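The stops below go from aromatic rings to charges over rings, then to a sheet.

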Amino acid sequence: MSGRFVRASKYRHVYGQPTKRELCYENVRLSKNAWDSSLIKVNPLYLSVNWDASGGGAFAVIPLKERGKVPDQIPLFRGHTATVLDTDWNPFDDSVVATASEDGKVGIWKVPEDFTVHTAIGENIKDVAPVSKLSGHSRKVGHVRFHPVASNVLASSSGDYTVKIWDVEAGKAMYTLKHSDTITSMSFNYTGALLATTSRDKKIRIWDTRSEEIVSEGPGHGGAKNSHIVWMGEYDRVATTGFSRMSDRQVAIWDTTDIKRGPIGDFIMLDSSAGINMIHYDEGTKCLYLAGKGDGNIRYFEYENDELFALSEYKSSEPQRGITFMPKRGISVHNNEVVRAYKTVNDSLIEPIQFIVPRRAETFQSDIYPDCPSGEAALTASQFFEGETSGPKLISLESVYDGVEPVPMPGSIPSTPTAVKKPISPAKSSEPAPAPSAAGSPKKTPYQQPEKDIEKALSTPKVNDMLDKASKAEETPKSSTLTKEESSWSEEPEEPEATPVKESTKTLAPAKTISSSETSKISALESKIEAYDKKFAALESELAEIKSLLEKVTKKDVVEPTESTKTNGVEASEDS
């Protein structure tokens, strides 16, 4: 925005506050694998790290309260036969974590009670084994994501070009979403009924997870490097980061109902750096955070009316290779902290960064802390696979501020102006849906957005009044005066009838059914018509004068050559 005008925003002065080095997590050994993932994940209790370990794939879990230097030898979570590529914490059980590995397996782990990375001198270090393994992919598993609403539901992407939706408790893949190339990122929507994916074929796809069908598909970023995607909370919008064909870094907002139409407002160019941007959207503040691999800075934008407004930038000279963000229920409400990020530094340190809204008041700031998802599932896995849809259960952060145990509120499906439209599908019969088979295969129920009663929405006093006025105006007979005014435009120029129109406008009387405001509008229109008639008459008179002048000039041009010819003839005879 140019000039002295500045857009009003509660988050315009948000700043990033780094943590003192002694309160960071030092001496970590981050995996050297080049796979495109965040490398670390966090929840209110633990931090998971893709560990650089020999003898098979392993990752570490560090309790958040154990800050400082991590011992050289710590208990690791071992069970994969190849490198661990990605981890994700269960949003409804802070001690359960899922892993993706190059061995083609998905691991499910549970952190033991009173787990610690510190052991007594001489005590044997015991590694932790997985609770279960999910087999079904034929190539390496690159990413895992837990469902945001239903418990024990997990999505995994693989090098076999598929995304599988798992029933973790049953250990079975219920749905398979087939792609044409390697999946680079994925994100569930607010209710978990839809899944957005990006892949190396440079396409963005929106999937109905339970019908295994594509709701919307289209080309994404044109560059050769990976793109990342995140669903923007309750809205039917996704944000992506990627590269242009000229290798410029980009960010874009997309309408999930029509991806092929292209990004909303075109791509936003960031810079020409080579690092892939990792992306995070905070639903509470409607802010988008971008952290480039190899960069030291973290950009953040505010999303409003399908536009991204740059707020500020956290700058640091220490580059990051991985980053993760704390769930909203784990931030410090007393310090006006709205987001907390954990970034890796030089593959040996993990640094927490608090993003704070500066406020002087020492009370709960309800305007920057809306209700956030709780740690309690709104659906069971069986309910989700049977076709039920719900929003996540929410808690009030004011109870967290007061030190009271928050009470989760029932989940609901958002009804926003930008709600996801249900895909076009054949008409369905009124017969009830068939029950699941004995083999336990789930029903494939297409995603359906709750229908809105348009007639009820339009039945307001203001709309009814407008409809009544329109119907009365249609029933009112057209006056002869207006008919005469309209015919005056088609009359011959030689006979303008401006005066009769003027007399007729004076005799026009509004019908009883027309309101005073409408009468004034009609009078204004009539005066405009009268003025146009006068102008037209004046133009006609000018045109007549121009015609007469042209005729005189034409006659003069015809006469003059004849006289000159005669003169020339006389002169010629005299010379002879």
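This predicted model holds 16 aromatic pairs. Select W254 and F267 to see one of them, an edge-to-face pair with 5.8 Å between centres and 70° between planes. The two residues are 13 apart in the chain: W254 belongs to strand β22 (residues 249–255), and F267 to the loop between β22 and β23 (268–271).

Next select Y289 and F325. Their ring centres are 5.8 Å apart and the planes meet at 50°, so this pair is tilted. Here 36 residues separate the partners, with Y289 in strand β25 (residues 287–292) and F325 in strand β28 (residues 323–325). Y289 is buried at 1% relative accessibility, and F325 is buried at 13%.

Now look for charges over rings. Select R7 and F309: R7 lies over the ring face, 4.0 Å from the ring centre. Then select K225 and F243, where the charged end of K225 sits over the ring at 5.2 Å from its centre.

Finish with residues 141–146, strand β12, and 172–178, strand β15; these are the edge strands, each pairing on one side only, of an open, antiparallel four-stranded sheet ordered β12-β13-β14-β15. The twist from one strand to the next averages 20°. Between β12 and β13 (residues 153–158) there are five bridges. Select R145 to find A155 of β13 opposite.

Note on methods: Residues numbered from 1 in each chain as written. Predicted model: local features only at pLDDT ≥ 70, side-chain atom pairs only at ≥ 80, totals over all residues. Heavy atoms only, no water. Pairing = 2+ DSSP bridges. Axes fitted to C-alpha atoms, helices over the stretch in contact; angles between N-to-C directions. Phe/Tyr/Trp six-rings, centres within 6.5 Å; stacked < 30°, edge-to-face > 60°. Buried < 20%, exposed > 50% of the residue type's maximum accessible area, 1.4 Å probe, protein only. Lys NZ or Arg CZ within 6 Å of the ring centre and 35° of its normal.
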